[in-house]
Amino acid sequence: MNPPNKSQLKIRTRFAPSPTGYLHVGGARTALYCYLFARQNAGEFVLRVEDTDEQRSTEDSMRQQLSDLKWLGYAYQEGVDADTLNDRGPYGPYRQSQRLAIYREYADRLLKEGKAYYCFLSDEEIAEQRAQAERAGRPHQVVSPYRNWSLKDAEKKIADGGVSPTVRFRVSDLNREYKFRDLVRGDVTFPSDMVGDFVLLRSGGMPVYNFCCVIDDALMKISHVLRAEEHLSNTLRQLMLYEALDFEPPQFGHLSIILGPDRQKLSKRHGATSVHEYRERGYLPEALSNFIALLGWSSPKGQEILSMSELIEQFSLDRLHPAAAVFDEAKLKWVNAQHLRALPHSELWNLIEPFLTRAGLQMPEDANWRERSLQLFKTSMEVLSDAVELYRPLSISGANGGFTVHDEARETLSWPSTVKVVEEWRKQLETAASKSTSAYLSEEEFATIQNNVKSNCAVKGKELFMPIRVAVLGKPHGAELKILVPLIEKSILIERAKIVLDHILRG
RNA sequence: GUCCCCUUCGUCUAGAGGCCUAGGACAACUCCCUUUCACGGAGUAGACACGAGUUCGAAUCUCGUAGGGGACGCCA
């Protein structure tokens, strides 16, 4: 169990995505841990949108990310609502672009107290400085000639017009070490000269990440900041700001990053990186959560398959692993398959149906038919989209389920007995069709037919089953015939047998 | 380049100085079940990055080395 923060009883976590692109699986994991930790401690989980990058932020992206978060089920008490995009909660607004006045106020305060200053350096001058530092092998830090200007002089220069300065934090006077205890890494120490005077407000007045982040976390009373490891060194700047602003810092925990198979930071060139893609491919939200939870955390019971409520119950900060983890899709698939199989059939059907519909397939309405089909296919599915190829031969939407004789069938078709078997299969089906008005064969009828084929053709084993399966599916491998065949209309079976016969005759 | 972080089977991890002949899971392989495919079951193989130290004893503590990652933005 995690001890409460000494100065704050209420645990409050936040997830603060920037709406540029899709929700990344790494972001999802951060959100998950924040959610789990808050839930487990009867705390609050806040969603804040960090949209201070005017160029790259889009409302579309925000909407998308919030919708993916909702799909994952990480409900937050406060923040931007996924459906209405309206704020919810007492510490709003929750979009940084709507908090500009707040940031300005604190910037003015720092300016007045001499902890920050106006800087008139141009992009070109900064680039030149960096190039020089590079050549000299010095740290790439900005040294502003304006750092010693008085606020009055700077304000006068601004009043004269023609300039739009940035506001920089004055770290150059600081000369000390900043220490903090990271929730996942332990004690971390940074020397203050690790960073140069950094920007608080851009020349347009738009604040910068490190500045907003500190103000918002403090104002929103966040107790625990769990975020990705790439922010570890930002913590130094933020600690300086907490001090300058006289805010009490939260507890920080820096989560290891997620790597691709080549041990580089997971990115698009590794394949799917967004929650959205996994959603579209037919992964279950509980399974994705289960899998990403295990990337850097382990169940104290050694459990591999955990439901959301088990995650909430078992999660703890002290089991967070500091090393980077490789995203292994094979294991994700396995986890998904486990969750899939545990689902009640009615629910499973509701989940696969959209995939079938999107693929243009149509299945019988009959509940019993659906039940039998799921029974048959459930163990062959790892992701929901696997249902498409499994169900395609059962579609009643015309075009005979897209039936074709598959390449895999070549060997079976080359056997001398195959023609005989398929021909007999067709004959038996036609007889059965003429005897009963039911569209489908019963399991018993199929058994009888199969037996007739067996004795009339004097074949058994592979020579019996494989040709029949080719006549049903177009390939020799697949589901068990005695359950599969009664799921397909007799007329369709007859048609397929004819197609296969035709195929053999044409060579 | 500078600073910070990290390092156990191919992958995710367990491991808090003796319970470690290093455990589990995915993947791989073998066998069993099975008319096929899958499911399921049983097994096999496979790791403490390296080097010093501390200690009676080190995967576990310390220091170095190497490798990987991150930061050094008017991105977040």
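Okay, helices here are DSSP runs of H or I, at least four residues, strands are runs of E, at least two, and both are numbered from the N terminus. Before I use that: this is a predicted model, where local features need pLDDT of at least 70 and side-chain atom pairs count only at pLDDT 80 or more, while totals for chains, interfaces and linings use all residues. Residues are numbered from 1 along each chain as its sequence is written, chains are lettered from A and ligands numbered from 1 in the order in which they are written, and side-chain values use heavy atoms, with hydrogens and water left out.

So, the overall picture. Chain A has 20 helices and 13 strands. Its radius of gyration is 32 Å, well over the 23 Å that the globule rule gives for 507 residues, so chain A is more spread out than a compact globule. That radius is over C-alpha atoms, and the rule is 2.2 Å times the number of residues to the power 0.38. Along the principal axes, the C-alpha trace spans about 105 × 50 × 40 Å.

Even so, 49% of the 507 residues are buried, meaning under 20% relative accessible area with a 1.4 Å probe, protein chains only; over 50% would be exposed, and in between is partly exposed. Chain A exposes about 23800 Å², with carbon and sulfur atoms supplying 49% of it; that's Shrake-Rupley, 1.4 Å probe, and for residues only the protein chains shown count as cover. For contacts, read heavy atoms within 4.5 Å. Taking pairs at least 6 apart in sequence, 75% of the contacts join residues at least 24 apart.

Where does Ala 28 sit? In helix α1, residues 25-40, and Ala 28 is buried, at a relative accessible area of 0%. Leaving out residues up to four places away, Ala 28 touches Leu 23, Leu 72, Tyr 74, Val 275 and Ile 292. For scale, Ala 28 and Ser 150 are 122 residues apart along the chain, and their C-alpha atoms are separated by 45 Å.

Gln 65 belongs to helix α2, residues 59-72, and is buried too, at 5%. Beyond its neighbours within four places, Gln 65 contacts Pro 17, Ser 18, Pro 19, Thr 20, Gly 21, Tyr 22 and Leu 23. Ser 274 is in the loop between β12 (258-259) and α8 (275-281), buried at 4%.

On a 1 Å grid over the protein atoms alone, a cavity is a set of points where a 1.4 Å probe fits but cannot get out; a pocket is an open set with protein on both sides within 12 Å along at least five of seven lines, and lining residues have an atom within 4 Å of a point.

The largest pocket has a volume of about 1100 Å³. Its lining counts 37 residues, with Ser 18, His 24, Gly 27, Glu 230 and His 231 nearest the centre. Which element gives the largest share of that lining? That's α1, with four residues. By class, there are 11 nonpolar, 15 polar and 11 charged.

Definitions and conventions:
Grid points are joined across faces, edges and corners, and a volume is the space filled by probe spheres set on the points. Ala, Val, Leu, Ile, Met, Phe, Trp, Tyr, Cys and Pro count as nonpolar, Asp, Glu, Lys and Arg as charged, and the others, Gly among them, as polar.
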